[in-house]
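Subject: Structure handover, with notes on one helix, a pocket and the cavities

Hello,

Please find the structure below. My notes on what was found in it follow.

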Amino acid sequence: MAANMRGLTQFIADIRGARVRELEEKRINKEMANIRKKFKDGNLDGYQKKKYVAKIIFTYILGYKVDVGHMEAVNLISSSKYSEKQIGYLAVTLLMHENSDFLRLVVNSIRKDLDENNEVSNCLALHAIANVGSSEMAEALSEDVHRLLISPTSQTFVKKKAALTLLRLYRKHPTVIPAAEWALRLVSIMDDQDLGVVICVTSLIMALAQDHLDAYAVCYTKAVDRLHRLVIEGEYSATYAYYKVPSPWLQVKLLRLLQYYPPSEDATLRSVLHEVLQTTMNNSAEPSRNVQHNNAQHAVLFEAISLAIHLDASSPLVGTSAVLLARFISSKETNVRYLGLDTMAHLAARADSLEPLKKHQGTIILSLRDKDISVRRRALDLLYSMCDTDNSELIVGELLRYLKVADYALREEMVLKIAILTEKYANSYKWYVDTILQLISAAGDHVGDEVWYRVVQIVTNTEDLQEYAAKVVFEHLKSPSTHESLVKVGGYILGEYGHLIANDTGYSPLEQFQVLHSKSQFCVASTRSLLLSTYIKWVNVFPEIKPQLINIFERYRHVLDAELQQRACEFYSLASRPDDDEVLQNVCEEMPPFPPRVSALIGRLNRKLGDTEDKRTWIHGGKEMNLERHANSRKASLGPGSSTTGTAAVADTADAQDIMSSLAGLNLSGSGDQSDLSRADGSIVAPRVAVGPSVEKWFNKLTYNADGLLYEDVQIQIGIKSRYQGHLGQLAIYLGNKISVPLTSFTSTIHVNDSEALSATFAKIPPNTLVPRTQSQQLLHVECKKAFNSFPILTVSFLAGAHQSISIRLPISVTKFIEGVKLGQADFFERWKVIGGPPREAQAVFPIPLDGTGQLDLVRYRQVVSGNHLEILEDVDPNPSNLVAAGVLHTSVDGKVGCLLRLEPNREAKLCRLTVRSTSEDVAMEVLRLIEKLLRSDSS
């Protein structure tokens, strides 16, 4: 750049040649004055503008303030020459902040460059948007960036930059991006042939999916399919093999993306994932001598282990993982030890049994003394997560010993974790009090108020503990140096329960007073205020030291602190009242037990740890805490008006309420109604199905036929062939591409309203490309668990120039799982009477048309009834026009359900009465609805 502009080259040379700062400033001031004059005079060509703006940029980079050249930079962006446009964009991104008024002038120029069929201009514009990323720019240009990303004519490197630009805009201004609206189109790009594009789009989808799980649910299948093609089938170019590891960055992102979703119920996906994870672990069983290969392999391996833990913490894969992790936490490499401890903490947070981890407890404790602080922090997290009632005393004792020499950066977090573990896994209250007081003595300034608040609550609520706590805290106060938090605990406990130990040797009222008062001179005003409250309680229970206490009140009546002075005056007045006055006794009554409440320590710890840009799918602290967190986050996400920050807002509110509820017995947290945070129905909304006369006709016909056409348009044809046996069924879905170009990014998904009643899964992951003029078959396995009343929906989406999505109902009804039963006349009517009338009887009367000859269309009636798998019984009803049928519904959960049917058409009235009786009222209603609809529609 400078080689083509001699003026710029000379300017840079002069600056570098300046021996002192004064000479440099003089040269810059001279140049800036010249540039201002040139800009003021005008009539500059593109080359001169470019040269002068380049000098301004260099001056800015040196650290000098620049107040000239902004308009010239804006003008350069509109230039048709690349070198001038490049300097213009560079100046805009460096000299202008996101709230600059000049940015409004460049929006149209940037949009023009985005729309150009020139990839270099596209990339310059994308760089500017990503670097500046103002809210106004995001609102104006996000649609253009999205269009560039999805355009089939865009170059691969333009698509990559467009995806990362959208990611940048979403992170800064999440509300500007219509994430849910773009979901299907963005996910389709995960099937792109170029792995670089896939990596960038996956990064974008990871950010979007965290806040819109349901909208991006289809990415789960895409991620599993891409992993299978990378790891099992080896489908990647040599360019993306990093030291023989296929695209490790993409593998890590896909494995992390899968952890955002609950484990899939689809047996095919689970099987493919298991194969991928097993292969990944086998590939990493033996370390390589090549460091780069090891790093890439370990990056993938640790994410694979995390996914295995997320899917099923009790699977054999996790058992294999535990063995590998045990080897990693003893590794000589710091990075490997760090990742091993972090992944083992994930295992501890999800595992049903901690026994495999306890075998390596000694190694983990030694890691607390690792030379690297990040490893020490991970060891602390792991010990916190793997603690239970069996090893709590050992782990807490070790943490207390380490606390005395721990880094200051770790101490506050350690104090919270020790306090939580001590309370949660205490075998006895005495051990709890001893440990917490040791903690307060050792940690000092790192002990937050929440810790001693909690001690007071537990002692107050546990009557058997009060005398022991008073003795122990008195002994701690005897030490020469006592931290103020311990003085607060001592003041409260001795004030409330000091009378319980007053008759024991060494714990007399005078000794309690001397020990506690000797610490007051080193305390702040708020602590001394608490001690004054202790003294007034002693006036009531220890009359022998009343003169000394009144003397202290007298002295404090003249201090400058208003709070202390007011307390002293009030307490002096109370203490000076006659002995037979009951006011003092009433005022100093013993504190009642605190209402049961959740500890605020966990909320404080979670707030301290915070959350990262890439949200964690688990937290430290064992399986119970993770289950509770999952339930709370799900409840928050289902609330009305939930947004990208909904979960965080609820968490902050909950933490604030924890703190407030842990103070006194007062309800300071407000009385707002929180009932609207949860919603009973958290199900995913079913996709909108395709409609039309032909679609409805094809569907109705398939409800009582085993095979036929389900959907057809100018591009695609879908046919069905089915068979059923008992509660199981199999559908062969034929997908035909009718056009001369391939249908790419082809995706097939099944939506079932009630997964507890009906399961539908593909036998294998559907192919992502449908070649021209050919037909592909996909097998769908279905199982009827209970009676159901809605059809599953098949959604196919594909790229054929533009992205298209079609949702159609599959003809899978409850009658498909009925098996016909042959009955005689006597048996039929006997069972008909046994079942009885409503509610196990469903009946409807509806009009029917006659055929062309004015007669009943009995042939069609028979087709409909027998097509719904009911056995038509001959010679049961004396009227030859009536139909009688019987069958048994097979379900895997509810077992067999009997079903009887009578169809009574009347030619004169042109009406038909349909009666269905079943041992299940739900089945009777559903069979009636299905057959009535078919008779009505077929007759139309």
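The buried residues of helix 29 (residues 546-556) are Lys546, Leu549, Ile552, Phe553 and Tyr556. Buried here means under 20% relative accessible area, with exposed over 50% and partly exposed in between, for a 1.4 Å probe and protein chains only. Seen down the helix axis, these residues of helix 29 fall within an arc of 125°, so they line one face of the helix; the arc is that of the directions from the axis to the C-beta atoms. They pack against helix 27 (509-520), helix 28 and helix 30, where contact means heavy atoms within 4.5 Å. Helices (H or I, at least four residues) and strands (E, at least two) are DSSP runs, numbered from the N terminus.

This is a predicted model, in which local features need pLDDT of at least 70 and side-chain atom pairs count only at pLDDT 80 or more, while totals for chains, interfaces and linings use all residues. Residues are numbered from 1 along each chain as its sequence is written, and side-chain values use heavy atoms, with hydrogens and water left out.

Next, the second largest pocket. It holds about 510 Å³ of space. Its lining has 23 residues, of which Tyr492, Ser529, Leu530, Ser533 and Arg567 lie nearest the centre. Helix 28 (525-541) is one of the helices that supply at least two lining residues each, along with helix 24 (449-461), helix 26 (484-497) and helix 30 (562-575). Helix 28 gives the most, eight residues. By class, the lining has ten nonpolar, seven polar and six charged residues. Ala, Val, Leu, Ile, Met, Phe, Trp, Tyr, Cys and Pro count as nonpolar, Asp, Glu, Lys and Arg as charged, and the others, Gly among them, as polar.

On the terms: on a 1 Å grid over the protein atoms alone, a cavity is a set of points where a 1.4 Å probe fits but cannot get out, a pocket is an open set with protein on both sides within 12 Å along at least five of seven lines, and lining residues have an atom within 4 Å of a point. Grid points are joined across faces, edges and corners, and a volume is the space filled by probe spheres set on the points.

The structure holds four cavities of 30 Å³ or more. The largest cavity has about 70 Å³ of space, and helix 12 (219-232) and strand 6 (744-751) each supply at least two residues of its lining. The second largest cavity has a volume of about 40 Å³. Strand 8 (residues 775-784) gives the largest share of its lining, three residues.

Regards
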